[in-house]
Amino acid sequence: MKILKTLFGCLAGAALTMNVSAQEVQGFVHQRSTDYEWPADQQVLNKLDKWQDQKFGVLFHWGLYSVPGIVESWSICSEDVDWISRKKDLTYNEYKKWYWGLKDSLNPTQFDPAKWADIMQDAGMKYMIFTTKHHDGFCMFDSKYTDFSIANGPFGTDPRKDVARHVFDAFRQKDFMIGCYFSKPDWHCEWFWNPYFATPNRRQNYKKDRHPDWWKNYQEFTYNQMDELMTDYGKFDILWLDGGWVTGDDVNLDKLLTKVRTSTQPGLISVDRTIRGRNENYQTPERSIPETQLNNPWESCITLSNDWGWVPNAPYKSPAKVISLLAEITAKGGCLLLGVGPTPQGTIEEAVSERLHVVGEWLKANGKAIYNTRITPVYNDGNVWFTADKDGKTIYAIYALPDGENLPETIEWTGNIPTGKMKMLKGNKTVKYTGKDGKVKVTLPKGLKNEPVALQFTLKK
């Protein structure tokens, strides 16, 4: 798609509406910034255009929090909110000591990144983002700037101890676009949460103007780790920075991007989440979907279960739900980044791979309605979502089958009047339809599988 800067520009400040149930909306949620600044670097624009073709990706959260199966690293943040819970029989300091001690328990002996890549490729995913470091500061890569990493625990004697390197390489071999998640805040770093003071909230626990040396040390430490990843860990397409209470300016992101875009990472997409401006190259509404179409690049990051990391006995979304989310997000111009948490042993749960396989089978038959598509002016009517080929001539209608419902005998919508033949993408079957007074009624063949349906047709001029 030629990335247009004006069409639907007025929608850049549109409100978000939640498209997952209330029980799924938990944890700290990053919403979308209120406006968007287009990159000036043509290589970045070209890579964004390629990324917008991919539509479906996976975000892996894996770390210390995976050992007990709790909500990422937030439990060590001393904020009194419902979704941050911890063991009630421990004081806060005792709890932090227990949490930091999990580094001696993370030993993923069944870690097989090639299997991860197989599962996600089978699901029809085209890009990936891996959490190299969450807010707790625990590194899933062998950083030379700290020993607080998986490479310095019980897994340190394993040849796969530099797990991030192996994950990235496994997905590169499958031709995925590669993204590196990195948390700008680091609660383990003494220059962010200094041990001289208590840690009352998620921010640095001191005044920067009173301790400029501490802040400078933190800035240098964070810059060095980002540079380490972008320089020593192969080719990346996306640098996905989390922790919006710390900005890219705080950690010298401009300096880093200038360096790596002219050396190791030309065209690197920078995602300084929720920090509007030059370094948020695409927006990332979390657990939500924009209310209307947006023409600037964006991505909804939504969990497959209720949490980003692995938790035991998690309630996973159905394949139909994932497909419905993907259809809506694509019709509105975005990509879906689906959150999956590997187990403490380093595996992807069978319940996850089973669901993703069903999604992948649907995409094998109907992917033309998703991949490489762009928005079309009439994009929704009820459960029907519309996408278009880049030339705008071929239209796709996706009926997003709600959970627990049966596929209807007919599908109806207003607008997008077809001309000529209409076909189902799956099986290339011609379907009967009528178009009158601006309304379309499609009669589906009998005996179809009870799953979402994608139709292809040409618009009547």
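**View 1. Polar contacts between domain 1 and domain 2.** Five residue pairs, written here as 5, are in polar contact between domain 1 and domain 2, with both residues at pLDDT 80 or more. A polar contact is a pair of N or O atoms within 3.5 Å; within protein, one must be able to donate a hydrogen and the other to accept it, and residues adjacent in sequence count only if both atoms are side-chain atoms. The model is predicted: local features need pLDDT of at least 70, side-chain atom pairs need 80 or more, and totals for chains, interfaces and linings use all residues. Numbering starts from 1 along each chain as its sequence is written, and side-chain values use heavy atoms, without hydrogens or water.

**View 2. The salt bridge.** Domain 1 and domain 2 share 1 salt bridge. Lys390 pairs with Asp53, and their closest N and O atoms are 2.9 Å apart. The term means a side-chain nitrogen of Lys or Arg within 4 Å of a carboxyl oxygen of Asp or Glu.

**View 3. The two domains.** Domain 1 covers 42-78 + 91-369, and domain 2 covers 380-459. These bounds come from an automatic or database domain assignment. The domain centres, taken over C-alpha atoms, lie 36 Å apart. Domain 1 gives 16 residues to the contact, and domain 2 gives 16 residues. Contact means heavy atoms within 4.5 Å.

**View 4. The buried area.** Domain 1 and domain 2 bury about 1400 Å² between them, with 62% of it on carbon and sulfur atoms. This is the accessible area (1.4 Å probe) that two parts lose on being put together, summed over both. In domain 1, Trp362, Lys368 and Ala369 lose the most area to domain 2, together 35% of what that side buries.
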